Amino acid sequence: MARDYYGILGVSRGASDDEIKRAYRKLARQFHPDVNPDPEAQEKFKDINAAYEVLSDDRKRQIVDLGGDPLAPGGGGAGGPGGPGAGPFVGFQDIMDAFFGGATGAGRGPRPRTRPGADAILRLELDLQETAFGVEAPITVDTAVLCTTCSGAGTAAGTHLATCEACGGRGEVQSVQRTFLGQVVSARPCTVCQGHGTTIPQPCPTCAGDGRVRTRRSLTVKIPAGVEDGMRIRLAQQGEVGPGGGTAGDLYVEIHERPHDVFSRKGDDLHCRVTVPMTAAALGTRLTIKTLDSEEPVDVKPGTQPGSTLRLRARGVPHLRGTGRGDLYVHLDVRTPTKLDVDQERMLREFAKTRGEEVAELSKQGGFFSRMRDAFNGHG
């Protein structure tokens, strides 16, 4: 009577390969002799390995589904190297899968030649005007693109890939060793085909078999209004084409905003400094401020003090998401005259007297500053 290999692993007859492998890993951890020294556990471990060997092999599994036993003498299959009755052949990779979650088994089988490409990044410098209101900027990109000679196949015209003779198309070569676990097999990528399972007898003369070539392309990127320094714009599938003509990665355009001569930016708000004469700050005046896209009249109220700030609403940078704009802040620097002629000095002193503000003359003998100077020089 044929053994119930599905029942040994506890899976249904319609179980997928992944479900069979997960069941094997779980049971192998539980009944491995290094973990469970019970003699019955050792026998159970042998049955588990036998069941996994059969159900992971499509040909042997088909025999089981037809009611046979591929591991029984004359049952349609042999139990590993050594023929019928030799017992299950425990693969080193399967043991590693069982104890380390399949991490080392991820690369089993031929490695595909076609793989996704990498992303690329490009730095783009823009003026404040361009980042504020948006622009369509031309860029030049140096990336790998699909080889048009072989269309990514990597083979010369009229030729095809060939099955690797060293590994028989498996992409890996195996070696058998005897360890404390018994006879085990280890696998490593084939060095002849680099794990692909196929070779290129006649590579494409343009791309040398890589399926892609490097070239310089010209693109136009649309910069939305309101972007800030350091932001990145993604251009889907405009990056590096993958080996074997694989899907291209993305291109990221990183924005770098050049310093402006007049305005400094904080988020969506702009700041600038304007110098006004002392008299204008005292008497009040009207200024015309040139913004990024217009000219705005600004009233400076009488008695404005140094360091005062005027706010122009919605005269900053447009918001990147949503409507509206930031504000423009005008910081006022009050300029004091450095040189006065005789008449200007006289009028200023008279103005100070009318306000009751005593102003000492620097050149007058006995004045405050003269007395300070005499004190430091030791004169009584």
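His-271 has a relative accessibility of 17% and therefore counts as buried, since the limit for that class is under 20%. The model is a predicted one. His-271 lies in strand β11, which covers residues 269-277. The side chain of His-271 is joined to the side chain of His-331 by a polar contact of 3.0 Å. Apart from residues up to four places away in sequence, His-271 touches Val-262, Phe-263, Ser-264, Lys-266, Leu-328, Tyr-329 and His-331.

A further histidine, His-256, is part of strand β9 (residues 251-257). The relative accessibility of His-256 is 15%, so this residue counts as buried. Two side-chain polar contacts of His-256 can be named: one with Glu-254 at 2.8 Å, and one with Arg-123 at 3.3 Å. With neighbours within four places in sequence left aside, His-256 is in contact with Arg-123, Leu-124, Glu-125, Leu-126 and Asp-229.

| Residue | Partner | Polar contact |
|---|---|---|
| His-271 | His-331 | 3.0 Å |
| His-256 | Glu-254 | 2.8 Å |

For the protein as a whole, the secondary structure consists of nine helices and 15 strands. Of its 380 residues, 36% count as buried. Among contacts between residues at least 6 apart in sequence, 62% join residues at least 24 apart. The accessible surface comes to about 23,100 Å², and 51% of this area belongs to carbon and sulfur atoms.

The largest nonpolar core has 22 residues, of which Tyr-5, Leu-9, Val-11, Ile-20, Ile-48 and Leu-55 touch the most other members. Helices α1 (5-9), α2 (17-31) and α3 (39-55) each supply at least two residues of this core. The most comes from α3, with eight residues. Leu-9 touches Ile-20, Ala-23, Tyr-24, Leu-27, Ile-48, Ala-51, Tyr-52 and Leu-55, residues up to four places away in sequence not being counted.

On the surface, Met-278, Leu-340, Leu-348 and Phe-351 form a nonpolar patch, and their accessible area together is about 330 Å². Leu-340 is located in the loop that runs between β15 (328-335) and α8 (342-354). Leu-340 counts as partly exposed because its relative accessibility is 37%, and that class lies between the 20% limit for buried and the 50% limit for exposed.

Most residues other than glycine have a negative phi. Ser-151, however, has a phi near 55 degrees, a positive value. Ser-151 is in the loop between β2 (135-146) and β3 (162-163), and with a relative accessible area of 55% Ser-151 is exposed. Ala-208 also has a positive phi, near 60 degrees. Ala-208 belongs to the loop between β6 (198-199) and β7 (212-223). The relative accessible area of Ala-208 is 66%, so this residue is exposed.

Key:
Residues numbered from 1 in each chain as written. Predicted model: local features only at pLDDT ≥ 70, side-chain atom pairs only at ≥ 80, totals over all residues. Heavy atoms only, no water. Patch = residues over 30% accessible without salt bridge, like charges linked within 9 Å, V, L, I, M, F, W, Y side chains within 5 Å. Areas by Shrake-Rupley, 256 points an atom, 1.4 Å probe, with all protein chains shown as cover. Salt bridge = Lys/Arg side-chain N within 4 Å of Asp/Glu carboxyl O. Helix = DSSP H or I, 4+ residues; strand = E, 2+ residues; numbered from the N terminus. Buried < 20%, exposed > 50% of the residue type's maximum accessible area, 1.4 Å probe, protein only. Core = buried A, V, L, I, M, F, W, Y, C linked by side-chain atoms within 4.5 Å. Contact = heavy atoms within 4.5 Å. Polar contact = N/O pair within 3.5 Å; in protein donor to acceptor, adjacent residues only side chain to side chain.
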